[in-house]
Each structure stands twice: as structure tokens, then as C-alpha cells.
Amino acid sequence: MTKFVICHHAERADRGLGVESERYWGLTQTGVAQAREKTKILVKTISDAPGGSVIVLGGCSKAIRTKSTLMVFTDELRQIFAGEKNVLFSEHFNATLPLDSLKRIAKESDNGKNKIVIDFPLRIEEFIAPLGQRECKVAREIIAGLYAARGFFRRFFPNNPLVLVNVGHSQEIDALMDFLHKKNDKVYHNSRFSFSFM
């Protein structure tokens, strides 16, 4: 089973809305506080996940604000679950040797008891759609991008329940939500896949 969790990036700093965060580039300080608040939803998601689940804090666009929102989630979750023995975190993402930490943490996921949280910002190009593209095309391409990300992480975790946390942009995410609603969620919610929005 794969669960796709999708959310909008936190408040962006390049529109003069507030003071930019020094640690989380592209976000305002208010945006960082918003992302920290949203982390509570992810805490519940991790707590409710069965043993052996792999939670990837991973899908983002090329815009730095999406990656920074994921960084807020990761930092908060590391603090919240610091004392939990059954929740293991991967090393911090290393852009120079990105696959090494995935391979190492995959070995620790074999016992089926621990929940694994992975810090791996994976760029999904489909999270930014060309202007003027029809809503259904935007949504279908996002879904294709999400399925490709799932395939990438399945190489390392072939049998674990997966939760892929993704951060995108409001226009594209709204198109995806509308598309799924029009389809009555039947096509993309089944025993293998589900979508949730936060």
C-alpha cells in the first residue's frame, strides 16, 4: 500500500509578505510556523502507520520553498520522535551521495517493526505545470510523477507500506484535488494507492 500525502508549501518570502527565515530559505518566519503546525498531522500519520512503514519526506518541485517546507517537517519530526525507539530516521540528506543513506536505512527496515522516516527531497518536475494547461492534464501528469517517485523508493523498500509526503504549489494541487473529486476518488483510491491532502 502507498499513501500519497500532499500539501501546499508554506508562505513564500519572495512576495514581501514577511521576514524571510534564515534557516529555511524561501519561506517567511510565519510560513515556518505554519509548517510546524502542519507537522502535527504527520505525527499522527506516523503514529497510526503499521510497523515496518516507510515515511518519505520527499516529493518537491524545483522551487526552494517546497524543499524548505519539507525541511521544516523533517526537523520538527526529528525532535518530536527523538525518544521513540521504534521510529528510525535516515541520515540528513546528502546531495553528494544521496543513495548511500537510502541503502543504509533500507537494511534497518527489514525487521518489520521499526517505522522509518526518510529525509530525501526528490524533485518531481510535474509539480510545476505550464501555464494554460488543462486541469485534467495537470492532474494526470502529477499522478504520473507521484507514481514514478513511488517506483524509485520501491527499489529500496519493495515490501514496506509507503507514505510519500509531497510539497507542491496551490494551482497544481488544487487541480489534482478537483480531478480526484470529479472521479469520485474511485480511480485512484484502492487497495494499492490512496491520496490525502493537508
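Student: Which residues line the largest cavity?

Tutor: A cavity is a space where a probe fits but cannot get out. In this predicted model, the lining of the largest cavity consists of Ile6, Phe127, Ile142, Gly168, His169, Glu172, Ile173 and Leu176. The space inside the largest cavity is about 40 Å³.

Student: Which helix gives the largest share of the lining of the largest cavity, and how do its residues divide by class?

Tutor: Helix H5 (residues 170-182) gives the largest share, with 3 residues. By class, the lining of the largest cavity has 5 nonpolar, 2 polar and 1 charged residues.

Student: How many cavities of 30 Å³ or more does the structure hold?

Tutor: There are 2 cavities of 30 Å³ or more. The second largest cavity also holds about 40 Å³ of space. Its lining is made up of Val56, Gly58, Gly59, Leu122, Ile124, Ala149, Phe153, Leu164, Val165 and Asn166. At least two of the lining residues come from each of strand S2 (54-60), helix H4 (135-154) and strand S5 (162-168). The lining of the second largest cavity divides into 7 nonpolar, 3 polar and no charged residues.

Student: How do the residues of the lining of the second largest pocket divide?

Tutor: They divide into no nonpolar, 5 polar and 4 charged residues. The residues concerned are His8, His9, Arg12, Arg15, Arg65, His169, Ser170, Gln171 and Glu172. H5 gives the most, with 3 residues, and the second largest pocket holds about 150 Å³ of space.

Student: Is Val19 buried or exposed?

Tutor: A residue counts as exposed when its relative accessible area is over 50%. Val19 has 55% relative accessibility, and therefore counts as exposed. Val19 is placed in the loop between strand S1 (2-8) and helix H1 (29-48). Leaving aside residues up to four places away in sequence, Val19 touches Leu27, Thr28 and Gln29. From Val19 to Gly31 there are 12 residues in sequence and 9.7 Å in space, C-alpha to C-alpha.

Student: How many residues does the largest nonpolar core have, and which have the most contacts inside it?

Tutor: A nonpolar core is a set of buried residues joined through side-chain atoms. The largest nonpolar core here has 34 residues, and Leu102, Ile118, Leu146, Phe153, Phe157, Leu176 and Phe195 have the most contacts inside it. Among the elements that give two or more residues to this core are helix H3 (98-108) and strand S6 (193-197). The largest share, 8 residues, comes from H4.

Student: Which residues does Leu176 touch?

Tutor: Apart from residues up to four places away in sequence, Leu176 touches Ile6, Ala139, Ile142, Ile143, Phe195 and Phe197. There is also a second, separate core of 24 residues, which includes Cys7, Phe73, Leu77 and Val167.

How values were computed: Residues numbered from 1 in each chain as written. Predicted model: local features only at pLDDT ≥ 70, side-chain atom pairs only at ≥ 80, totals over all residues. Heavy atoms only, no water. 1 Å grid on protein atoms, 1.4 Å probe; cavity = no way out; pocket = protein on both sides within 12 Å on 5 of 7 lines; lining within 4 Å. Points joined across faces, edges and corners; volume = space filled by probe spheres on them. Helix = DSSP H or I, 4+ residues; strand = E, 2+ residues; numbered from the N terminus. Nonpolar A, V, L, I, M, F, W, Y, C, P; charged D, E, K, R; others polar. Buried < 20%, exposed > 50% of the residue type's maximum accessible area, 1.4 Å probe, protein only. Contact = heavy atoms within 4.5 Å. Core = buried A, V, L, I, M, F, W, Y, C linked by side-chain atoms within 4.5 Å.
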